[in-house]
Amino acid sequence: MVFSDYVFLFVFLPVALACFWVTPLRFRTALLLAASYLFYGWVRYDFCLIMAASTLLDFGVGRGMENAASGRRRALLALSLVGNLGLLAWFKYRFFATTSYDSLAITMGWPTLDLGGHLILPAGISFYTFQSLSYNIDVYRGTIPPERNLLRFAAYIALFPQLVAGPIVRFADVRSALGRLAPTFDDLALGAQRFMLGLAKKVLIANQVAPFADALFAGGGQGALDAWVGTLGYAVQIAFDFSAYSDMAIGLGRMLGFRFPENFRSPYQACSVTDFWRRWHQTLGAWFRDYLYIPLGGNRKGKLRTTFNLAATMLLCGLWHGANATFLLWGAWHGLLLLLERARLFPCAEVRTVWNQASTFLLVTLGWVWFASSDLDEASRIFGLLFLSDGWGPWTLLWPSADRMPILALSLGLLIAWLAPASQEVARTRTPLRSILLVLIFLLSLLFLLFERDQSFLYFQF
């Protein structure tokens, strides 16, 4: 089910909220769990079985670590790591690994594996797997006590507002709320305001610039102008699409009494790539920092080790997004830029100037070419159009004369991304004028939805 789908907006969400508010407090966690599994299994109910298995494994591991000896705790943590990462690897990386091996095996004369084609990737598996891992790692470290209530833990893993595409929520962030789901009227109003803002970003900006990116990355484009407009279109699309989902998830969570962590803070206003990663997908960046970069040694063991730790973290961050060499190159690109900034070999310092913001945006945008390309050949073709094209070429492919909406949305999206305050600042307070304006924008978004077929979010594929 998709947040911008009419079934969700006018059936699932109103019914779920109405039932939630009339249900006694002691039964709300069970209702939330049931609603979350209904939401997740709306299209593929069998995916619920995979999530349930992961939930039972990590709940059992967490309970088993309580008062256990250090050796047993390490063994249980290893079981959680193997179980969760093994599940993720089987569905997400099996095809990439086996085809890579088979290509080498054919060359070397070795026996091939030939395990078949792609498996359907369960929605949100990368997100709830990382949530489960963070829980057991925190229990192992003694940061939080293990949860003894299976119902509460299962509701944490399956929370429908952020289940499919984040933000990645740690158990400590929602533990107290799960014990007493009692939102106030202000929670409901501010949550609805944040949700409407997110829907507008998705429908009025991200979806409208998608034709530029879709045309370019589907093999189109006749010159540098097409390539630059298509690349800028993707930069705007992914920023507004993903931040829209986070806004809607945070808003839904607020309506249910949760305070989810923020996930975006105007990332295209960053003055360096380091600053960009403090603003972009903040919960994922914090996860890799706390559970990979720092445990590897962080920046505490000399320059060479720091270089390795940062490079490994960014490569794995790229691989987390998908089993493709293009994602590895995207991670390597950001890792290289971060290392150059750390070594002060890169001119973009952490000083807010127009040049620093513009150069950071340009470098991040170029990285999106690898991220959005289906393979290395496609990425090479687009870089060739961007920098090696003989001329600017015609624009008819990416800007049909009958439709000016994409170019208007692109212009508006860039202005908002570069100049406007972050969503949390816009939605922090509730005033009558702002509420009326958001309702009008929400109604306009619903009108646009009538003419759109594909309403999925880009990060659903991860």
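Let me begin with a definition: a residue is called buried under 20% relative accessible area, exposed over 50%, and partly exposed in between, with a 1.4 Å probe and protein chains only. What you see is a predicted model, in which local features need pLDDT of at least 70 and side-chain atom pairs count only at pLDDT 80 or more, while totals for chains, interfaces and linings use all residues. Residues are numbered from 1 along each chain as its sequence is written, and side-chain values use heavy atoms, with hydrogens and water left out.

On that scale Arg289 is partly exposed, because its relative accessible area is 42%, whereas Asp290 is buried, at 17%. The side chains of these two, Asp290 and Arg289, meet in a salt bridge at 2.8 Å, N to O, where the term stands for a side-chain nitrogen of Lys or Arg within 4 Å of a carboxyl oxygen of Asp or Glu. By this rule the count comes to 16 salt bridges.

Another of them joins Asp247 and Arg194, at 3.0 Å from N to O, and this pair links distant parts of the chain, since Asp247 lies in helix 9 and Arg194 in helix 8 (residues 185-217), 53 residues apart. Helices here are DSSP runs of H or I with at least four residues, numbered from the N terminus. Both Asp247 and Arg194 are buried, and they belong to a network of salt bridges that also links Lys201 and Glu262.

A further salt bridge brings together Arg381 and Glu378, at 2.8 Å, N to O. Why are Arg381 and Glu378 separated by about one helical turn? Because they are three residues apart in helix 15 (residues 376-387). Arg381 is partly exposed, with a relative accessible area of 27%, while Glu378 counts as buried at 11%.

Turning to packing, helix 12 (residues 302-321) and helix 13 (residues 325-342) pack at an angle of about 150 degrees, with their axes 7 Å apart. That makes helix 12 roughly antiparallel to helix 13, a label given to angles over 145 degrees.

Helix 1 (residues 6-22) gives the largest share, four residues, whereas Leu38 lies in helix 2 (residues 25-40).

Methods. Helices (H or I, at least four residues) and strands (E, at least two) are DSSP runs, numbered from the N terminus. Axes are lines fitted to C-alpha atoms, for helices over the stretch in contact, and angles run from 0 to 180 degrees between N-to-C directions. Angles under 35 degrees count as roughly parallel, over 145 as roughly antiparallel, 65 to 115 as roughly perpendicular and the rest as oblique.
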